[in-house]
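Please keep the sequence and the 3D view open while reading.

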Amino acid sequence: MIKIIEKLIGAIRANLIFICKINSVKREGFKHYVGRLGKIKTEKNAGIIIGKSLYLSDRTVIGAYKEGILRIGDNNFFNSNCNITCYGKILIGDNNLFGQNVVIVDHNHKHNQLNQLICKQGFEIGTISIGSDCWICANVVICSGTEIGNHVVVAANSVVNGKLLVAGTYAGAPAKLVKARQEL
């Protein structure tokens, strides 16, 4: 009974967020869940587009800022403490699993000028693309400019910076292909 009440509260929480952000968050369907302390953040010129059936666990925060566009497809699950920060463009396909503590960030701080504080130098913004049927395991960091294809598994504690296009398992910092997936 408690589980049913928790799911209902999470669904209500999601709908309240969507109602409050009606101009900046577009959604398809109604099967959405936002856990305790979960947040969906947007700024004035930014937007988030959410497909059918999105599950954001406790303390997961997704946000689009400046003029960023964050597109999340159908049937995506984000475990607790995930963080997505979009200043440019992040595209996430369908039917993906994201483990605990996954960080996805499409920008980097500029830091070339010694005579100016790093926090005052602005950002270099890139695009991130994640395909469908992917499993991004716990503690993975996905950096600006990354492209992940379909049917990819990224092992725990990996750092992704580049193109992971072959269906398979990737691991390490930076993540490299360790085993290709085979069709049966």
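In this predicted model, strand E6 (residues 61-64) runs parallel to strand E9 (residues 83-86), and four bridges join the two.

E6 and E9 belong to an open sheet of six strands, ordered E3-E6-E9-E12-E17-E20, with parallel pairing. Strand E3 (39-42) and strand E20 (159-160) are the edge strands, each pairing on one side only.

Further pairings involve strand E22 (residues 168-172). Strand E19 (residues 153-154) pairs with E22 in the parallel sense, and Val153 stands opposite Thr169 of E22. E22 also pairs with strand E23 (residues 175-180), here in the antiparallel sense. Tyr170 has Leu177 in E23 as its bridge partner. A hairpin of two residues joins E22 to E23.

The table sets out three of these pairings.

| Strands | Sense | Bridges |
|---|---|---|
| E6 and E9 | parallel | four bridges |
| E19 and E22 | parallel | two bridges |
| E22 and E23 | antiparallel | five bridges |

How many disulfides are there? The count comes to zero disulfides. Cys82 is in none, as the nearest cysteine sulfur, in Cys137, is 11 Å away.

Are Cys82 and Cys86 buried or exposed? Cys82 counts as buried because its relative accessibility is 2%, and Cys86 counts as buried at 0%. The cut-off for buried is under 20%.

Note on methods
Residues numbered from 1 in each chain as written. Predicted model: local features only at pLDDT ≥ 70, side-chain atom pairs only at ≥ 80, totals over all residues. Heavy atoms only, no water. Disulfide = S-S within 2.5 Å. Buried < 20%, exposed > 50% of the residue type's maximum accessible area, 1.4 Å probe, protein only. Pairing = 2+ DSSP bridges.
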